[in-house]
Amino acid sequence: MPVAALAADADKVPPQTSPTENSDQKAVEFTLGNGLDVVVIPDHRAPVVTQMVWYKAGAADEPPGKSGIAHFLEHLMFKGTDKIPAGQFSKLIAIKGGDDNAFTNQDVTSYFQRVAKDRLASVMEMEADRMVNLRLTENDVKTERDVILEERRSRVDNDPGSLLQEQMMAALYRNHPYGIPIIGWEHEMRQLDREDALTFYKRFYSPENAILMIAGDVEPDEVRALAEETFGKIPRRGEAVKRMRPQEPDHDASVTVTLEDPRAGRTSVQRYYITPSYASAKPGEAEALDLLARIAADGTTGRIYKQLVVDKNVAASAGGWYADSGLDSGRIGFYAIAGEENTPEEMTAAMDEVVKDLRENGVTQDELDRARTGLLAEYVYNSDSISRMARQYGWRLSVGLSLDDVEAWPDRIKAVTVNDVRNVARKYLVDENSVTGILKPAPRHTTSVEEKQVPASGNGRS
């Protein structure tokens with residue numbers, strides 16, 4: 001998937017005097033004179049390099065009425081520049097023996113390539129070129145607009161599960177732009193044009209609003225030299241964009257969204273709770289939420305699965321997750337998929353029991369130790385992949401965290417106590433912060449979405 005940026009002349013600022021000094025850090029960070037942050041993660045096990053450029057702009061930064069423009073620009077970034085003919089960017093990467101792609105999130109847009117070490121200089125030049133020299137024709141825009149509309153039809157409109165999730169997000173975030181789908185609302189997507197794309201490009205795609213991440217068979221000094229020769233020649237436009245978004249008000253009622261669709265398979269129930277993310281949480285809370293979600297919903301060992309599938313037999317499958325990477329907030333989610341005889345009422349009631357028990361009684365030390373061991377093991381496994389490491393650092397740094405935040409994470413996980421987990425369960429797994437989604441199969445020719453607000457009883461902890 002594709003996007004780009006045009007930079008204007010501006011005074012340069014002096015580069016950061018030296019890389020972050022910390023003998024325990026795997027990564028080295030420095031800043032070019034034009035404001036581009038550069039992070040290098042040396043790994044010499046193979047002569048391969050991953051390059052990622054992270055722009056601090058995503059779907060939640062779109063102007064009102066222009067939903068989908070961040071994702072649309074991501075597509076258009078692959079159209080070409082004066083140096084690279086339209087549609088040739090990925091082909092040139094493939095000719096070099098590499099692969100590339102991109103993705104758009106609510107908070108970031110990222111472009112990445114994986115190539116042999118001796119091709120790094122050329123892909124850095126290509127990525128720097130499209131940061132400032134994107135060229136778009138009206139035909140480029142029209143053609144790619146049809147592509148994203150078809151993507152919405154195939155991935156959202158033709159998928160009842162995606163439709164339900166879209167409606168649940170809109171109900172969960174009643175004021176914050178996280179409630180707007182990343183791909184956009186169809187009626188607004190149809191109106192996106194060349195001017196919209198270039199306006200977003202010029203606002204956000206510039207060195208002072210980006211992070212260059214290089215991981216693999218490199219050393220910081222050689223990356224610095226290459227970055228100066230490529231990205232360093234792009235003038236900064238000014239100060240990095242300050243993201244001022246509408247904030248979510250306090251919620252005073254839970255919401256249930258029901259979708260009946262003939263294309264649905266089995267009945268399913270989902271539950272979302274607004275929580276802090278790693279970027280927005282108070283010290284220690286995100287780590288406790290991470291462990292809470294693992295204890296509650298990680299695979300067949302999670303409480304949700306054991307209660308709904310094994311003990312009560314009210315679901316065929318169940319689980320959950322913690323979405324922790326948002327700039328402004330995160331989410332804990334639980335789900336259950338019915339067997340042939342199960343009802344949404346049974347699944348919802350059983351899910352409520354698990355949540356109530358977590359709030360009232362917390363977790364055991366044994367559960368916490370087992371969850372902690374699992375999370376730390378995953379961290380080690382992810383560190384074994386240069387691409388995963390680049391993503392891990394990129395996500396955190398793009399939403400305002402630091403190298404120390406990333407690399408001290410294992411120690412902070414080790415410090416979480418059972419009381420910490422119980423406290424975040426009581427604070428955030430409350431009715432007022434939740435949306436429940438129910439997906440039901442329906443007779444053919446019948447599709448409906450119903451939303452209702454349920455006043456919370458007391459403090460939502462009953």
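Is K66 buried, exposed or partly exposed? K66 is partly exposed, at 27% relative accessibility. The close-ups below are taken from a predicted model.

View 1. The side chains of K66 and D196 meet with an N to O distance of 3.1 Å. D196 is buried, with a relative accessible area of 14%. By the rule applied here, the count of salt bridges in the model comes to 33.

**View 2. A salt bridge joins D328 and R245.** The closest N and O atoms of this pair are 2.9 Å apart. D328 lies in the loop between strand 9 and strand 10 (330-337), and R245 in the loop between helix 8 (220-229) and strand 7 (253-261), so the pair ties together parts that are 83 residues apart in sequence. D328 counts as partly exposed at 23% relative accessibility, whereas R245 counts as buried at 9%. Both residues are members of a salt-bridge network that also links D61, D107 and R243.

**View 3. R412 and E287 meet in a salt bridge.** The N to O distance is 2.6 Å. R412 is in helix 15 (residues 409-414) and E287 in helix 9 (residues 285-297); the pair therefore ties together parts that are 125 residues apart in sequence. E287 is buried, with a relative accessible area of 4%, and R412 is partly exposed, with 27%.

**View 4. L212 is a member of the largest nonpolar core.** This core holds 71 residues, and those touching the most other members are V38, Y55, M77, Y205, L212 and F231. Helix 3 (residues 120-132) gives the most to the core, with seven residues. Leaving aside neighbours within four places in sequence, L212 is in contact with L36, D37, V38, V39, Q51, M52, V53, M124, A227 and F231. Another core, of 46 residues, lies apart from the largest one; F334, A350, A425 and L429 are among its members.

**View 5. N313 has a positive phi.** The phi value of N313 is near 55°, in a residue other than glycine. N313 lies in the loop between helix 10 (303-311) and strand 9 (317-323). N313 is exposed, because its relative accessible area is 54% and the cut-off for exposed is over 50%.

Definitions and conventions. Residues are numbered from 1 along each chain as its sequence is written. This is a predicted model: local features need pLDDT of at least 70, side-chain atom pairs count only at pLDDT 80 or more; totals for chains, interfaces and linings use all residues. Side-chain values use heavy atoms; hydrogens and water are left out. A nonpolar core is a set of buried Ala, Val, Leu, Ile, Met, Phe, Trp, Tyr and Cys residues joined through side-chain atoms within 4.5 Å. Buried means under 20% relative accessible area, exposed over 50%, partly exposed in between (1.4 Å probe, protein chains only). Helices (H or I, at least four residues) and strands (E, at least two) are DSSP runs, numbered from the N terminus. Contact means heavy atoms within 4.5 Å. A salt bridge is a side-chain nitrogen of Lys or Arg within 4 Å of a carboxyl oxygen of Asp or Glu.
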